[in-house]
Amino acid sequence: MPKIRLDGLSKRFGDTEVLHGIDLEMEDAEFTVLVGPSGCGKSTTLRMIAGLETVSAGEIYIDERPISRLEPKDRDLAMVFQDYALYPHMNVAKNMSFALRLQKRPRKEIDQKVHEVAEMLGLTNYLHRKPAELSGGQRQRVAMGRALTRDSSTFLFDEPLSNLDAKLRTQMRAELALMRQRVHKNMIYVTHDQIEAMTLADRIVVMHDGHIQQEGTPEALFKQPINKFVAGFLGTPPMNFLDATIESDGDSTRLSGDGFSLCCDQATLDILADYSSRKICLGIRPSDLIYDPQAAADTALTLQVDIAEYIGAQSVLICHCGHQKVMVELKSDTPISLGEKLTFRLALEDLHLFNPANDHAIPGFVAVESTDSQ
Amino acid sequence: MNYSTINRITPYIFLAPAVIIMLIALLYPLGYMIYGSFRDWDPSQAIGESTFIGLGNYISLWNDPNFHESLTVTLKFAITVVFIEMIVGVGLALLLDRNLRGMSLLRTMFILPMMIAPVVVGLIWRYMYHPSIGIFNQTLEKIGLGSVDWLGQHALMSVIIADIWQWTPFIFILSLAALQSLPRSALEAARIDGASGWQQIIYIKLPLMMPVLIVTCLLRLIDAFKVLEVILVMTEGGPGLSTEILALRISRTATEFRELGVAAAMSNYLLMLLLILTIIMLAYNKIQELQAVRLRMAAEKEVD
């Protein structure tokens, strides 16, 4: 299976550069997810790999073969589009077999392949229907089937689930994960939905403003985000950021901010040696704040509840700590009332520390285990 | 009167002025023509003074070789021009459907002929076709190919060329609009699926444009059957009856031959022909609509 490599890939539309030299390497049969907010360049990157956009600078290699000057059809790719991009005048079977028919493969082989894939995707009863006669989920499945009938080395997905409603999206996401287990090909998947990224990816590439922010396994990115953007982008509810200063009084050192003052241990102090007397930014995942009325004040945050969002077993509380907003997760059956002050215990090792000057994670707190991080 | 009655009749009150104007402007002349077609009617007579002759006008036309000739010329003309215009118009649209610098200017230039008044088009072409001072013959002679008797021996071909020049843009703009409304992603999918430029046209673009192309073709056919001014100015139907299309023959029957009843009957024959085309077109639209509804219903029934 060939691997894919992007080397200094850039894209300009007129005078505006939207991609600033992307370097990326994908291993064999890896499921890579490009994720980022709209306009971050992820779709453009995918379309350049597909050959639907020209490359302004840099090169794309599949198995060390430069392909950026090749026509899409010569790149050995299959693609699933956001709006499915089915051929409206062809029935499901014709849609799925279009590429094979263009290649003038024997009819028997085409029929066999189409039935095989239709079987896998549960489309056998719909082969004679036109796309307009199918529901959204079925159309999405046909689009996937069309990609699968071709034995391409690489599959590209351009936000394939974003036109589906929430329930269907969850279901199709599971089907995609299943398909992933059966089909061992290179897959590059673009999405703005971080849950899709986290659940499907072998490797996540977080993009922002035409740059790669960080790449690595979902776990590595979640646990050791390299900067505030990645930290805030991955995880729901998003990470809380609190401004703090390092204060020493005598033999104890504390991280203090508006409405809180946390005691520091020696290891943290060593890491923060260069930052004494400087401001830092604390990153705290909502799930790392544990409700504990008995917690000592210097290992806890005291938060006043403004809004409680009930979402089932868990509720998301939107609180404030001094003037700063903080979100926490809490079991819904915990008896609390709005306006109440609650104490949440916090373990120092769960803290993320960022340098407010450049929003980078403070060295020592990131990349301890991750080798993928930049 | 209560509110629900008022609500029910309000739309009809608003429609009334338009309906009345239509009745006067459309149905009255039409009825007058149909009535007249059953009578032996000279322009000097009031219609009441003319004699009723039943289907006499229709029967004599049915057996009239000149009418047959005129009908044949009309059919030949209409079918040839529409056929060629469709090919050239759609071809141009496929060619110019891209975003290059200056393309919008080029497109505007392409549709200019359609905006020129038919009489002016007729005059322009008559002078270009002129045996001695026309640009065509002068050019041909300059390059040593000898002159062509455009509006004499090849009169039908010459008027066909002029019509193609004038009306290809109509098909061009409609095809271009159809092309530009095609789903871009389906075309991109076809590129990735390995379709070459030609294969994209044949397997994706043309089939998807078909509904628009069929309606365009029928509209243009209806129009081509009624063509008059350009040919009147260029050849006046001559030489002989070689370019005498039906509309021209109707006008001559009424004015030169002074047979209003026959002219009316001939108009009705033409009307019937066009009616058939129009019904085909409306039926086609209706079928498309019903099909879309059926597809939508099927899709709604599907639950994942």
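Colleague: How many bridges join β15(A) to strand β19 of chain A?
Modeller: There are 2 bridges, and the two strands run antiparallel. Keep in mind that this is a predicted model.

Colleague: Which residue does A:Tyr291 stand opposite?
Modeller: A:Tyr291 faces A:Phe344 in β19(A).

Colleague: What is the order of the strands in the open sheet of chain A?
Modeller: The order is β15-β19-β16-β17-β18, so 5 strands with antiparallel pairing.

Colleague: Which strands stand at the edges?
Modeller: β15 (290–291) and β18 (324–331) of chain A do. Each has a single partner strand, so one side of each lacks a neighbour in the sheet.

Colleague: New topic. How many residues of chain A are in contact with chain B?
Modeller: 33 residues of chain A are, and they meet 21 residues of chain B.

Colleague: What area is buried between the two chains, chain A and chain B?
Modeller: About 2,400 Å². Carbon and sulfur atoms give 59% of that.

Colleague: How many salt bridges are found across this interface?
Modeller: The rule finds 3 between chain A and chain B. One of them joins the side chains of B:Arg294 and A:Glu133, at 3.9 Å from N to O.

Colleague: Which element of chain A gives the most to the side that touches chain B?
Modeller: α4(A), with 5 residues. Elements that each supply at least two residues there include α1 (42–50) and α2 (92–102) of chain A.

Colleague: How do the residues on that side of chain A divide?
Modeller: Into 19 nonpolar, 5 polar and 9 charged.

Notes
Residues are numbered from 1 along each chain as its sequence is written. Chains are lettered from A and ligands numbered from 1 in the order in which they are written. This is a predicted model: local features need pLDDT of at least 70, side-chain atom pairs count only at pLDDT 80 or more; totals for chains, interfaces and linings use all residues. Side-chain values use heavy atoms; hydrogens and water are left out. Two strands pair if DSSP finds at least two bridges between them. Helices (H or I, at least four residues) and strands (E, at least two) are DSSP runs, numbered from the N terminus. Contact means heavy atoms within 4.5 Å. Buried area is the accessible area (1.4 Å probe) that two parts lose on being put together, summed over both. A salt bridge is a side-chain nitrogen of Lys or Arg within 4 Å of a carboxyl oxygen of Asp or Glu. Ala, Val, Leu, Ile, Met, Phe, Trp, Tyr, Cys and Pro count as nonpolar, Asp, Glu, Lys and Arg as charged, and the others, Gly among them, as polar.
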